[in-house]
Structure formats: structure tokens, C-alpha cells
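This report goes from the overall fold to a few local side-chain arrangements. The structure comes first.

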Amino acid sequence: MGKILITNNPLVKEQLSEYIVVEYYETDYLNILRKVRDKIHLGHKLLSHPLSGSVKPNETPYKSIIISSDRAKLDYDSLIIIEGSIQTAEKFLRDFKTPNWPEKILLDFQTIDLSLIKDVVINEKV
């Protein structure tokens, strides 16, 4: 099964593009979740959890999610997970906005996001 990595993290794009198809978007965390939801409606399936890791959606601006490149009928489990993830992210962002982090901190968050997904991609654990 082929895979697509959807991300807004430039470090992930830079370091993982040779291992997996990367769709990079200059957008925020919530819109990455929405882009994944749109892909699920087209028949793609979630292969990594949208809320993986311990960094809250309102703390980091970066998110990387793996989906299938193959399309089939709508996978309701994937749809339920992504919709719940969007609701959770909206709740966090409504209660506490993501700070306007300095570049050094943004690079730290990019590195965290990369580390959460890198082993999965390189060792093909999905």
C-alpha cells in the first residue's frame, strides 16, 4: 500500500521526501487536519493518528499525518478519528491560542514533529 505524508512542517518535507510522497502546505495545524479529512472523504485511509504525541494542538503549529495513497470506499473509522481530532483541536485553540513563538522555538516544534513521524516513515511501520 502506498502512503502520503501530509504536513505543514518544512523540516519533515526536507528530510522525508526521499522516503515517502510528501504533500506540504503552508497552513496551520487545524487546516492540516481539515486537508486530511478532505482526503478521507475521497477514499484515503488514516495510517497515523492525527493527535499523536504529547504536544497539544494549541502549543505547536506543526502537524504531520500519514494516509494511504490508495483510494477506496469511505473508511468510517478514519472519518470518525479525524472528525474527533478536529473537534479536539478546535476546543484547544478556542480555549488557548497558539503563541507567536520565536524562530528557535518553532524549530524545536518542527524537530519534535519530525521525530514523531520519522521512524515510522523510514522503517515503514505503517
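## Contacts and overall dimensions

In this predicted model, 74% of the contacts in the protein with a separation of 6 or more are between residues 24 or more positions apart.

A compact globule of 126 residues would have a radius of gyration near 14 Å, and the protein agrees with this because its own value is 14 Å. Along the principal axes, the C-alpha atoms fill a box of roughly 40 × 30 × 20 Å.

## Secondary structure

The protein has four helices and three strands. Read from the N terminus on, the elements follow the order β-α-β-α-β-α-α.

## Surface and burial

The accessible surface of the protein is about 7,100 Å². Carbon and sulfur atoms account for 52% of that surface. Of the 126 residues, 40% are buried.

## Ser78 in helix 3

Helix 3 covers residues 76-95 and includes Ser78. The relative accessibility of Ser78 is 2%, so this residue counts as buried, the cut-off for that class being under 20%.

Which residues are in contact with Ser78, leaving aside its neighbours within four places in sequence? They are Ile40, Lys45 and Leu46.

## The aromatic pair

A search of the whole structure gives one aromatic pair. Its members are Trp101 and Phe109, with ring centres 5.5 Å apart and an angle of 55° between the planes. The pair is classed as tilted because planes under 30 degrees apart would count as stacked and planes over 60 as edge-to-face, and the angle here is 55°.

Phe109 has 13%, so Phe109 counts as buried.

## Lysines over aromatic rings

Two lysines are placed over ring faces. Lys35 lies over the face of Tyr25, and the distance to the ring centre is 4.4 Å. Lys91 lies over the face of Phe92, with a distance of 5.6 Å to the ring centre. Both distances are within the 6 Å limit used for a charge over a ring.

How values were computed: Residues numbered from 1 in each chain as written. Predicted model: local features only at pLDDT ≥ 70, side-chain atom pairs only at ≥ 80, totals over all residues. Heavy atoms only, no water. Phe/Tyr/Trp six-rings, centres within 6.5 Å; stacked < 30°, edge-to-face > 60°. Buried < 20%, exposed > 50% of the residue type's maximum accessible area, 1.4 Å probe, protein only. Lys NZ or Arg CZ within 6 Å of the ring centre and 35° of its normal. Helix = DSSP H or I, 4+ residues; strand = E, 2+ residues; numbered from the N terminus. Contact = heavy atoms within 4.5 Å. Rg over C-alpha atoms; globule rule 2.2 N^0.38 Å. Areas by Shrake-Rupley, 256 points an atom, 1.4 Å probe, with all protein chains shown as cover.
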